[in-house]
Amino acid sequence: MDTTSQAAPVLETVAAGQRVTVRVPGTSANLGPGYDSLGLALALHDTLTVETLDGDALEFDLRGEGAQTLPQDASHLVVRAMDAAFERLGFRRGGLRIIADNVNPHGRGLGSSASAVVAAVTAANALVPATSSRGRNWVLQLTSELEGHPDNVAPAIFGGLALSWQDSDRYSSTCATVASGVIPIVAIPDYELSTEAARALLPASVGHHAAAMNSGRAALLIHALTSDPELLFPGTEDYLHQSYRAEAMRPSAALIRALRAAGHAAVVSGAGPTVLVLANGEVEAAAVLALIQAATAENSQDIGWRVLKLAVDVEGAKVDVHRR
């Protein structure tokens, strides 16, 4: 019997002398009832610049959020995602100079890991020859595999409101245009909550009634976001996950209760602990900002909050490539 092992394929090294810059929006997933399926791109952008160098050296310059805590070597998520993309495309990295300028806070439910993965895979795809590069749906497949689900990566790639689903190991997404009057407001607390910890709080199953109620609200939310923002409040009612996670983010849960008691469409952003409010127009946005300021000042519990009035990002990941 022939026991000779088959040699691993020799991968071509990515050409030196290139520079690519990718600008990726932050995202908010779930939006209340759209658990693991709905995501919204937010104008809160991270920027990744990658230069290909002669040799095999890796230079990593991490700026902004995470600069004091995250690794700046081959173990960083950006490098690991780029390596996965290069290999999938039939290449390997040579020398790289990476500059990551992070604005999106980590561990807050605003898709920071999805932004990093999307930026990395998009950059790698842009650095291989045009005959080997692939389209954005390929980026969706790989980034969804790396993240485990598409709800954050899809809006980061395509922008706007992304509706995503999975068939076996195939990920798909379609995008919808958000009504112009919808204004996202985020209240970001100064404590973190990992997605894994938040998921661990969820029950293995839910009842038929809760599932039916939730599917109706998710359908209503899509209509509200795209056509009738007056329905955002009932459309953001959730029956699947937020109540189970509330104990792990008590200040955020309290803020959501106060906002919803006043009639505002407040939800947990992603796995939390950031609070997202979908305001209908400038008048409601001003009222939301005033209520958040009052509520967080009264019930600070030693928690600091950063409140941002944002816009919906409609472009998704933007790429700028230079080759000498």
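Author: Start with pairing. Two strands pair if DSSP finds at least two bridges between them. Helices (H or I, at least four residues) and strands (E, at least two) are DSSP runs, numbered from the N terminus. On the source: this is a predicted model, where local features need pLDDT of at least 70 and side-chain atom pairs count only at pLDDT 80 or more, while totals for chains, interfaces and linings use all residues. Residues are numbered from 1 along each chain as its sequence is written, and side-chain values use heavy atoms, with hydrogens and water left out.

Reader: What joins β3 to β6?

Author: Seven bridges, with the strands antiparallel. The definition asks for at least two, so the two strands count as a pair.

Reader: How many bridges do β4 and β6 have, and is the sense parallel or antiparallel?

Author: Seven, in the parallel sense. Gly-64 has Asn-102 of β6 as its bridge partner.

Reader: Why is Ser-252 called buried?

Author: Its relative accessible area is 1%. Buried means under 20%, exposed over 50%, and partly exposed in between (1.4 Å probe, protein chains only). The value is under 20%, so Ser-252 is buried.

Reader: Which residues is Ser-252 in contact with, leaving aside neighbours within four places in sequence?

Author: Pro-189, Tyr-191, Pro-273, Val-275 and Trp-305. Contact means heavy atoms within 4.5 Å.

Reader: What makes the Ser-252 side chain and the backbone oxygen of Pro-273 a polar contact?

Author: A polar atom of the side chain lies 2.5 Å from that oxygen. A polar contact is a pair of N or O atoms within 3.5 Å; within protein, one must be able to donate a hydrogen and the other to accept it, and residues adjacent in sequence count only if both atoms are side-chain atoms. The distance of 2.5 Å falls within the 3.5 Å limit. Pro-273 itself is in the loop between β10 and β11. The peptide bond from Gly-272 to Pro-273 is cis, with omega near 5 degrees.

Reader: What do the buried residues of α9 pack against?

Author: They pack against β9, α7, β10, β11, α10 and β12. Those buried residues are Pro-251, Ser-252, Ala-253, Leu-255, Ile-256, Leu-259 and Arg-260.

Reader: What makes a group of residues a nonpolar core?

Author: It is a set of buried Ala, Val, Leu, Ile, Met, Phe, Trp, Tyr and Cys residues joined through side-chain atoms within 4.5 Å. The largest one here has 43 residues; Leu-48, Val-50, Val-78, Met-82, Phe-86, Ile-98 and Val-121 touch the most other members. Its largest share, eleven residues, comes from α2. Apart from it lies another core, of 23 residues, including Ile-188 and Leu-310.

Reader: Why is Ser-168 called exposed?

Author: The value is 67%, over the 50% limit. Ser-168 lies in the loop between β7 and β8. Ser-168 also has a positive phi, of about 55 degrees, and is not a glycine.

Reader: What about Gly-181: which class does its accessibility give?

Author: Partly exposed, at 25%. Gly-181 is in the loop between β8 and β9. Leaving aside neighbours within four places in sequence, Gly-181 is in contact with Ala-279, Asn-280 and Gly-281.
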